Amino acid sequence: MSVSDTSRMRNFPKIELHRHLDGSIRQQTIIDIARRHKLDIDISDPAALKKRSTVTEPMQDLAAVLDAFDIIQKVSCSYEAIKRIAFENVEDAFFDGIKLCELRFSPAFIALGKDIAYDEIIEGVIDGVAAGMDKYDIQIGLITIVSRTLDYEANKQGTIEAITYAQKAKHRMADRIVGFDLADLENTTEPEDFVELVEMARDAGLGITVHSGEDTDASGVQKTLEILKPDRIGHGVNAWQDRDVVELLKEQDVLLEICPTSNWLTQCVPVLAEHPLPDFFHAGVKVSLNSDDPQLMDIDLTHEYEIARQTFGFSNEDLLKMNLYALEKSFLPAEIGKAVQKQFFT
Ligand SMILES: [Zn+2]
């Protein structure tokens, strides 16, 4: 793809629903925070650090990515650090051509092994995002994550804190917390394990999305749809294996947040060109294009749009349609979505 094509895709207006805040930490920020807080991260060789903190080849095993997760987990270590990371997330999304972005973060994952309270984490995220929105013309929504493999009570407490902020408008821009997500390995748990937390979030008015069908087959997506009744599914790739599940997605009007490069790196799809994204799209399933963990995977959303055109043969009209699906399924209030649509998508 030529430079002008790349810049055309960069300027193409985009909506992103699936982007992990801590999968999007700049290299220089890792170095600065590690130095300032004297973290146990070797920053003496920036090239080596970049190699350890990114995943750019298909994963052979979990060990290959543990280093990267360990680094990003460590740097979210204080209110100030988290605020900076959140601000830079907004800035990077803006320069990626994104007009409305939902960023997700897991209070339990960030807090793991640290002396940091949930309100410091949540306020760091909200304040960083607010500073970003003050500076750039972009709308941000926030999604609180439950990490399936972490301690249930820690997850529950993090969810309760996030809901309290959202419901009581406990802080400026706290109403930007609009969604709930179940993330992390799906194949070691059951959807039933999380019904209580999902219903708590739904009752509080949060939109529900669930990572599913990434490391499980179509039956994982089916169980998720039947038991947790999400509004959207993160990935959902393996649902394509079973046409009944594809029909169920359409029946329940669930959008799939598809992240092509991520799905290839985790080997959810062994060959990128065989990703079922075009199949879902042409079968009438609502899909959106997302980057998942841009810095961690050394990509951006523009890169995913280039893949969508080059590898999957989507036209700009197709991409526009996906963005309109994403706007429709955004967890932000409808009037925000409508204003973005009017400004950039008509
Ligand atoms: Zn994800």
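I count a residue as buried if 20 or more other C-beta atoms, placed from the backbone, lie within 10 Å of its own, as exposed if 12 or fewer do, and as partly exposed in between. By that count, buried residues make up 50% of the 346 residues in the protein chain.

The model is predicted: local features need pLDDT of at least 70, side-chain atom pairs count only at pLDDT 80 or more, and totals for chains, interfaces and linings use all residues. Residues are numbered from 1 along each chain as its sequence is written.

Sheet. I looked up the strands (DSSP runs of E, at least two residues) and helices (H or I, at least four), numbered from the N terminus. The protein chain has 16 helices and eight strands. The eight strands form an open sheet in the order β1-β2-β3-β4-β5-β6-β7-β8, with parallel pairing; two strands pair if DSSP finds at least two bridges between them. β1 (14-20) and β8 (287-289) are the edge strands, each pairing on one side only.

Strands β2 and β3. I found six bridges joining β2 (residues 98-105) to β3 (residues 139-147). C101 has I140 in β3 as its bridge partner.

Helix pair. I checked α8 (residues 152-168) against α9 (residues 195-203): they pack at about 0 degrees, with axes 10 Å apart. Axes are lines fitted to C-alpha atoms, for helices over the stretch in contact, and angles run from 0 to 180 degrees between N-to-C directions. α8 is therefore roughly parallel to α9, a label for angles under 35 degrees. N155, K156, T159 and I163 in α8 meet L197, M200 and A201 in α9, contact meaning C-beta atoms, placed from the backbone, within 7 Å.

Methods. Angles under 35 degrees count as roughly parallel, over 145 as roughly antiparallel, 65 to 115 as roughly perpendicular and the rest as oblique. Two residues are in contact if their C-beta atoms, placed from the backbone, lie within 7 Å.
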